[in-house]
Amino acid sequence: MPTELRPSYPVRTERLLLRPLTLADTDALVAYRSIPDLCRFVPFQPQNRDDIQARIKGVFANHALTDEGQNLTLGVQLVTTGELIGDVILFYHSRLHAGGEVGWMLNPAYGGHGYATEAARAMLRLGFEELGLRRITARIDERNVASARLARRLGMRQEARLVENEFFKGEWTTELDFAMLATEWFASHAGDRATG
């Protein structure tokens, strides 16, 4: 079983390129990561240029997963225009339990086209097929209806509804926990490998 993930960049999907973020992406990231309503359900406040550049030089600078406790954040770029429209993240939580977590954030100007689903599906593929994870979760604020729908579109199963489990940004919030097993991933994508 693989225990490291070192993708060849960019990671290509039908319409997207997933790649490491650079300082040249600052304006595109600020365009959506500064929106208060978009940041309502995620574990950070709206970000400015300085915040984004610090992340690009810090937590976003990791381009591989080599051990538990690390995460990999990739920019989501349109193949047709080269525009950066969002970012996706894969956490490597446990080597022993082969567990991870996936997350996503998309500029709302590009919503409704399935880009977030396509990008998140690519991260699931990296986690299951290249890192060798056994189980990947997604933790979503119950009020974030769009993200819960996306998790279901990915084929993730809702396993829990944790009522008011966390005091988050000044209020008690309810968390929905979704998950997928590697066996489920491979069963649902067997045709992809057979025809690819």
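**View 1. Leu 74 stands opposite Val 88 in β4.** This close-up comes from a predicted model, where local features need pLDDT of at least 70, side-chain atom pairs count only at pLDDT 80 or more, and totals for chains, interfaces and linings use all residues. Residues are numbered from 1 along each chain as its sequence is written, and side-chain values use heavy atoms, with hydrogens and water left out. Strands here are DSSP runs of E with at least two residues, helices are runs of H or I with at least four, and both are numbered from the N terminus. So what joins β3 to β4? There are 8 bridges, and the two strands run antiparallel. (Strands pair if DSSP finds at least two bridges between them.) The hairpin of β3 and β4 has 5 residues between the strands, and in it Gly 82 takes a positive phi near 80°.

**View 2. Here β4 meets β5.** Strand β4 covers residues 84–94 and strand β5 covers residues 99–106; they pair in the antiparallel sense over 8 bridges. Look for Leu 90 opposite Val 102 in β5, and for Ile 89 opposite Gly 103 in β5. This hairpin has 4 residues between the strands, and Ala 98 takes a positive phi near 50° in it. Is β4 mostly covered or mostly uncovered? Mostly covered: 9 of its 11 residues are buried. (Buried means under 20% relative accessible area, exposed means over 50%, and partly exposed is in between, using a 1.4 Å probe and protein chains only.)

**View 3. Now for the largest nonpolar core, with its 41 residues.** A nonpolar core is a set of buried Ala, Val, Leu, Ile, Met, Phe, Trp, Tyr and Cys residues joined through side-chain atoms within 4.5 Å. Which residues touch the most other members? Leu 18 and Trp 104 do. Helix α3 (residues 115–130) gives the most to this core, with 9 residues. Apart from it lies another core, of 12 residues, among them Leu 21, Phe 44, Ile 52 and Met 105. Back at Trp 104, its contacts include Val 88, Ala 120, Ile 140 and Leu 154, if you skip residues up to four places away in sequence. In soluble globular proteins, nonpolar side chains tend to be buried together.

**View 4. Arg 15 and Glu 118 meet in a salt bridge.** (A salt bridge is a side-chain nitrogen of Lys or Arg within 4 Å of a carboxyl oxygen of Asp or Glu.) The N to O distance is 2.7 Å. This pair links distant parts of the chain, 103 residues apart: Arg 15 is in the loop between β1 and β2, and Glu 118 is in helix α3. Arg 15 counts as partly exposed at 29% relative accessibility, whereas Glu 118 is buried at 12%.

**View 5. Arg 143 forms a salt bridge with Glu 171.** Their closest N and O atoms are 3.0 Å apart. Arg 143 sits in the loop between β6 and α4 (145–153), Glu 171 is in strand β8, and the two are 28 residues apart. Both ends are partly exposed: Arg 143 has a relative accessible area of 30%, and Glu 171 has 35%. Elsewhere, salt bridges that share partners join Arg 135, Arg 157, Glu 159 and Glu 184 into one network. How many salt bridges does the structure hold? It holds 15.

Terms used: Contact means heavy atoms within 4.5 Å.
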